[in-house]
Amino acid sequence: MSNFSAFVRLSLITTFLLMTGCATTNQSAGVNDPLEGYNRAMYQFNDALDTAVIKPVAKGYDTVVPAPISHGVSNFFSNLNDITVIINDLLQGKFNQAYRDTYRFVVNTTVGVAGIFDVASLNGFTKNNEDFGQTLGVWGAKPGAYIVLPLFGPRNVRDSFGLVGDMFTDPVMYVEGDDARLAIVGTRVIDSRASLLSAEKVLDEAATDEYSYVRDAYMQRRQHLVYDGLPPEDDFDVFAE
């Protein structure tokens with residue numbers, strides 16, 4: 001399963017580059033990055049892999065597949081991810097949110113035709129973002145050192161362990177047959193990457209040192225998610241942990 005599980009997360013290489021662009025990145029002093037030499041090399045490797053393989057395929061996908069279809073594909077995979085979200089809602093004691101996310105999943109799976117149509121969001125049941133890394137943070141685990149993983153991209157020690165829980169709650173990992181599972185995983189990766197093509201200029205315009213920018217933005221975004229946007233003042237500095 002390792003080949004497939006690694007490929008599933010390949011889209012995160014770019015996801016965290018682009019989706020954290022709104023975070024400030026002026027707090028590098030004291031950042032917990034003892035493996036910076038290795039991390040920079042791995043960051044370059046991941047970026048080169050994306051440039052050589054994933055991005056060109058994503059551009060072709062974006063060109064050939066009509067927008068309504070690609071949007072439906074994105075909704076389908078987002079709906080599958082709601083299973084992971086619900087499990088982590090419960091593990092974090094967010095029972096009301098778990099109810100709402102369960103309702104969202106049931107409605108989108110049935111009325112929304114396997115999640116292709118996001119009917120629930122139209123009715124106020126918007127998507128939440130929860131994963132096992134966040135759950136470990138809620139339980140008191142500190143972020144630990146920053147690390148860039150092959151294929152998986154930006155992480156910290158806590159979120160690296162969280163990947164294991166995420167894989168076990170990923171329905172795609174239980175699809176029988178290597179060919180079928182690979183096809184689903186590949187489609188998800190390419191669809192995720194294609195959805196980010198129009199946002200790439202965010203990183204290019206904002207970063208003088210791309211590696212530092214991504215690192216700082218990632219750490220801040222994860223802190224924001226663990227505390228649902230309200231980190232305690234005495235625990236806000238994630239860089240020195």
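User: Which residues do ring pairs link into a cluster?

Analyst: This is a predicted model. Its ring pairs come to a count of 6. Such pairs link four tyrosines into a cluster: Tyr43, Tyr146, Tyr211 and Tyr218.

User: Are the rings of Phe76 and Phe77 stacked or edge-to-face?

Analyst: Their centres lie 5.2 Å apart, and the planes meet at 70°. Planes over 60 degrees apart count as edge-to-face. The pair of Phe76 and Phe77 is therefore edge-to-face.

User: Which of these two is buried, and which is partly exposed?

Analyst: The cut-off for buried is under 20% relative accessible area. Phe76 has 29%, so Phe76 is partly exposed. Phe77 has 9%, so the buried one is Phe77.

User: How many residues apart in sequence are the parts that Tyr103 and Phe125 tie together?

Analyst: The rings of Tyr103 and Phe125 form a tilted pair, with 4.4 Å between centres and 40° between planes. Tyr103 belongs to helix H5, whereas Phe125 sits in the loop between helix H6 and helix H7. The pair therefore ties together parts whose separation in sequence is 22 residues.

User: What lies over the face of Phe125?

Analyst: Phe125 is buried, at 15% relative accessible area. At 4.3 Å from its ring centre, over the face, lies Arg100.

User: Where in the protein chain is confidence lowest?

Analyst: The chain averages a pLDDT of 85, and helix H5 has the highest mean, 98. Over residues 1-27, pLDDT stays under 50. The lowest mean, 37, belongs to helix H1.

How values were computed
Residues numbered from 1 in each chain as written. Predicted model: local features only at pLDDT ≥ 70, side-chain atom pairs only at ≥ 80, totals over all residues. Heavy atoms only, no water. pLDDT = per-residue confidence, 0-100. Helix = DSSP H or I, 4+ residues; strand = E, 2+ residues; numbered from the N terminus. Contact = heavy atoms within 4.5 Å. Phe/Tyr/Trp six-rings, centres within 6.5 Å; stacked < 30°, edge-to-face > 60°. Buried < 20%, exposed > 50% of the residue type's maximum accessible area, 1.4 Å probe, protein only. Lys NZ or Arg CZ within 6 Å of the ring centre and 35° of its normal.
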